[in-house]
Amino acid sequence: MKNEEEASERPDNTAFTQQQLPAWQPVLSAGIIIPGFLIIGLAFLGIGIALFLTSQTIQVLEMDYTGVEKDSPCFRCTSPSNQTCTCEVTFSLSTLFTGPVFFYYGLSNYFQNFRKYGVSKDDYQLTGDTQYFKSPRDVCFPYAHDSKNNPIVPCGAIASSMFNDTFELYQIINGTKKKVPLDGKGISWWTDYNIKYRNPLPVNGSFASAFDGTVKPINWPKAAYELDLTDPNNNGFLNQDFLVWMRRAALPQFRKLYRRITEGDYATGLPAGNYSLTVYYNYPVLSFDGRKKVVFSNVSWMGGKNDFLGIAYLVVGSLCVVMSVVMLIVYAKFKFSDDDDA
Amino acid sequence: MLRRRLNRLCGGDENRVDSRTIYVGHRPCPDTEAFIPSKFCDNRIVSSKYTVWNFLPKNLFEQFRRIANFYFLIIFLVQVIVDTPTSPVTSGLPLFFVITVTAIKQGYEDCLRHKADNEVNKYLVTVLEDDRSVKKESEKIKVGDVVEVVEDETFPCDLILLESSREDGTCFVTTASLDGESNHKTHYTVQDTEKDLQALTATIECEQPQPDLYKFVGRMHIYKAEQEPAVRSLGPENLLLKGATLKNTKKIYGVAVYTGMETKMALNYQGKSQKRSAVEKSINAFLLVYLCILISKAVVCTTLKYVWQSKEGQDEPWYNQKTQKEKDTNMYLKMFTDFLSFMVLFNFIIPVSMYVTVEMQKFLGSFFITWDKDFFDSEIEEGALVNTSDLNEELGQVEYVFTDKTGTLTQNNMEFIECCIDGFQYKHRDTQSEVDGFTMTDGVMNKLHQKAGQEKEELFLRALCLCHTVQVKEPGSKEALTDQVDGIDGILPQLEEERGFIASSPDEIALVKGAMKYGFTFLGLESKSMKIKNRENNIEEYKLLHVLNFDPVRRRMSVIVQTKSGETLLFCKGADSSIFPRVKPEEVDRIRMHVERNATEGYRTLCVAFKQLSAEEYAMADKGLSDARLALQDREEKLIAVYNQVETGMSLIGATAVEDRLQEEAAETMEALQGAGMKVWVLTGDKMETAKSTCYACRLFQRGTELLELTVRTLEDERLKRQEKLYELLQEYHRKAVQDAPPVKAGVTRSWSANQDYGFIIDGATLSLLMNPPLEADASQYKSLFLQICQNCTAVLCCRMAPLQKAQIVKMVKNSKGSPITLSIGDGANDVSMILEAHVGIGIKGKEGRQAVRNSDYAIPKLKHLKKLLLAHGHLYYVRIAHLVQYFFYKNLCFILPQFLYQFFCGCSQQPLYDAAYLTMYNICFTSMPILAYSLLEQHIDIEILLDNAALYREIANNAMLRWRPFLYWTVLGIFQGLLFFFGVRFLFSNPALQDNGQVFGNWSYGTIVFTVLVFTVTLKLALDTRHWTWINHFVIWGSLAFYVFFSFFWGGIIWPFLKQQRLYFVFANMLSSVSAWLVIIILILLSLLPEILLVVLRKPRGPHSRQKKPSQSNVGGNQSSQSSARPLLMRTFSDESNPVI
């Protein structure tokens, strides 16, 4: 008993309490650093070359159709009096635009990342909870009720400002327009479409009556349950264009996926030739000095065209290699002088 | 009582009367005006800070006085009141956590203090009350109570001694725990009171409490029936102080005059003030810088926001209109709330969790001190004790060490080492055999196994037995001991071993005990006759005729005794310098060699001489002495003249060597401290000679050290007044030590080069003259001269210090230029005030009670442990916490900088870059554990190397790792990385289609990529800094990264029902499905760490050098220390003065 007490008084003699834990004391010696730098440098150079070359193969076609310039085809649509306006942008491809081709629309000077804008939505509504249809969250204001105080569904600034220009692409073959089929599926995140957003359950078999007592967002031409009447799986909150819009862009200049060209004759890409893009011009951007554009692009394993990554890798890679060489020289010198010392 | 305290606090003494009247035993006195029991404070000692009731408000108040806590409180309130980008929980939760943890810790510490107080306050004492003894708790003693104290008990309050069990009305007291003097002091009862205590009716008038231990003025009026009241004067010799211990007296009665917080002991305590470490000051300075950064960021963003909004169409685009309420709000109010919102958004730049981590690091880190088995002392079965964990890192920053002498440097345990009789050395090896003891013969003389003649031997030993003022301790329970002394041989030695002696100086006891070992035992003094038992066990009796007292000027003492055969003998012992001139020169040479050699070894040496007085001589001496003693004027001078006259023409018979045993490894420890660049000051209440010899023994003073003395003795000058002489000396010393000295490189205090070392000696009286000169104007000049001299001395010795003077000195140094970090170490209650005053107070778990330990910040069993505590623990803790602090600021800077930059890309709308979960968890979970583990386990240099190379301690001197330069480096690093994180991802997002299915990434993906790079970079940066990878470091570093990945999957993998926005849903997983995101993360991490790796590599050329040097340096250090420990022993000789007298 007494021994035990004594033992408890005495500090534990363990490696931990005595700060004597076995420890690895890394020494960054030249023998590790120089080859390390060389290997990293070479690897980076390799990745950089691959990235750069890949990025070079990606074809991109960008067209601004805002219509600021007087001679641009969409200029007439910019006047506010013109309610429903259609304009036609033509372009020609000299070579095959390898498929699958991705069709983006782009906006600039458009701040989807405003804080107030970003929170202005009701996720409960968007998960199909009709309870929240009648009483939207406060953050939706001033996009929660119309002038007659009817609740707006979906409420909030993001939904309300949904991009609503639509496009049709035609290839012009011998003067006749051949419609290029645009695939609107799979443009939004899989999880957004399948899990995060849910439509309200149909009431009495009618999807539209689930929205009874609510009104559409003011800027929308049609209500949420009418977004795509042809495909019930692409309707309501599960409309892929809607989903794409709801994922806020990070920067004020952004592009969003509009369609993919994967079907029919165009599965392998857009063949060389003349094309005409019909724009149903609805979305006003000139009031805040914004621009609209369409982008055709194909993608690689690294995503869309981006030279930055390849160049960065090349620079850092060559930096590492150069440094390893410099260090080798310095080290050799000092090693000799060390030997002299000794 | 409250007002009284208040008065004292405010220093307002106007309302107080100059004296207090005490009614002994609360008995009203017939003569005086009506008996008014006046109110005095009770006998409770309070050292705790809180009570149960005021803990919560007081503690909260204390905590929010901290600038950081207050700041977070404000941020929290802003978040509650104003519409801000992040929810109040993000800052409220950590704040709550911090406050709670700190409150629990402080509550626990105060609880311990309460316990200790209770131990003292609830101690049962006996009080005489209405003719009977009542047991009372100590705290209930009131002024006027008559208290009984038995032997070996401490006095519960300040008492006037009324009655003693000793016949002569005296009692013995040791005040070791008060002023460090362990010898016995005699106190006297008030005359006429010792009889019939119950009937005593008296009042005591005395001054109000004051802290000077040696001053007391009072009067006692004794009333007797039908007699004029007798008045007796009271002085310090009648006053028994709380904290002192009764010795050698069975019991005493005394009346309480000062109680509780008014006792002299309590008044000598100083108020406990919160000690803040220098690191904390640095943190506060950095905090201010970051606060400025934060505010300027918020200002910039607010300004830009309004500039940007003023542009047409930007303020309120059609897709993002304001509510009516927002439109109606006043513009300036909006600006203000915007400013606050930005503050909240960027507030993470000030690391709230740093305080938690620092607290935790300190708290947990202090366990390593408690656990260290090197601090475990098997004698007292205890290890080190940590009372305040706030000061761990301060141990690595000490510049001045103030040490007590008695019980700290020395064991206060004199031991007879050897003697030399007639030129032959006798070294006592052990007590078992007398013969063995005498065989050790002087090697230098090369006379093996030769001894002095029997006669000389016995004469010498008799001299030792007779020439002293030692009293034999009355055996307490063993009443029969004296009777048994004559008894059987067999049991004798054992009994004699137990014999206790009392003397004013421990040296004398050592000598008497030494003589006992050689067979001559002093039995005691009975009615002027000294009894000695000689080797043949015969009792010899000598009549004590005169004692020629010791005094520090003569530095010797003598006795004149008469043998039975009628011979009159004079024995004299004293310092060699005072004896040699008085003996026959031819005898000196044989002894001198021994004396010098003994002195070199650090022993206290004494020479013994004797002289036979003829009848005429004695008659003359006797007359001279008697005359002188009766003289009314110049008694002292006359006595000394007679003494000097008598003590001439003696013959030298031998010398003794007594060791005041130093603490184990005291000299090595002091040397290590000086090697580490610390200046050691010895502050002691002890005599100068004793203290000086200790300093030599500890190698604080060396052979070549020139001593600058500023003592009462050096101030004595016929020509000048003390004041003038003081100034003159100060000037002279200043010239010597400061002006003539070559400029010393900063941090180097002791060089082994030819530079003259100076040692400074000052005593208490001179110090008080220096601190409070008659002319107020001189004070500052004196002080600065004094300080400058001291700062240029390798060691300073302050002797004859009162406890408060010790604190005064510490305070003076502490507040001097550059405010150096001070450390006080001591073991007794007399050291408490200096322990409390210094930045770091260390208590030694010595013999003198627990006062010092209780009031210290750290307590260690032995002085030698100080070396490891400072050189290893202190150094490591400093490096750890400095790195911790810098790292915390750095990682929060590069955390928040991207968020700041993002404001330029989102119209300054306060959009957070990171998700709220990441914002909250970054400091708490993702990056906190690795740095905590680092700050607990890092050993950038091995402990052994740290201990071997004291000089390494200098590398971190003057807060080297927390100065502005390293801070700037870390800040630049943070900015560089923050820029890299943000713009790297920014360029990547120029095309947000990052997946091979052409889908685009949104803003949360952007933030998550930046955040991933951030978490990995800061963690790997720490990994690069870690020099000591234990499995815990591995576990925590890789574990944190794994946890981050796991958490991100988890957080993004579930639709959380309690969240209003599922904004991070699958963002992380989607990010990982993109090759580009992977590639950008990898390259950004590498690029951010590249400068760091390069720095390590560029230092590399020096690397092999320093790495090779370290062991060799340690060899050099080792050699040096072994040299230095060997050299002084061989070469050091003491100047005359350094030989102590008694």
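How far apart do the end C-alpha atoms of residues 32–53 of chain A lie? They lie 31 Å apart, and the span is 100% helix and 0% strand.

## Basis of the model

This is a predicted model: local features need pLDDT of at least 70, side-chain atom pairs count only at pLDDT 80 or more, and totals for chains, interfaces and linings use all residues. Residues are numbered from 1 along each chain as its sequence is written, chains are lettered from A and ligands numbered from 1 in the order in which they are written, and side-chain values use heavy atoms, leaving out hydrogens and water.

## Chain A: annotated spans

An unreviewed UniProt entry lists residues 32–53 and 311–332 of chain A as "transmembrane region". Such annotations may be inferred rather than shown by experiment, and positions follow the numbering used here, with feature names shortened. Residues 311–332 of chain A are 100% helix and 0% strand, with end C-alpha atoms 31 Å apart. Helices (H or I, at least four residues) and strands (E, at least two) are DSSP runs, numbered from the N terminus.

## Chain A: confidence

Mean pLDDT (the predictor's confidence in each residue, from 0 to 100) is 87 for chain A, and 94% of its residues reach 70 or more. Confidence is lowest in helix 1 (residues 2–9) of chain A, at a mean of 43. It is highest in strand 4 (residues 101–108) of chain A, at 94.

## Chain B: helix 24

Helix 24 (residues 764–771) of chain B is largely enclosed by the rest of the structure, because six of its eight residues are buried (under 20% relative accessible area; exposed is over 50%, partly exposed in between; 1.4 Å probe, protein chains only). Those buried are B:Gly764, B:Thr766, B:Leu767, B:Leu769, B:Leu770 and B:Met771.
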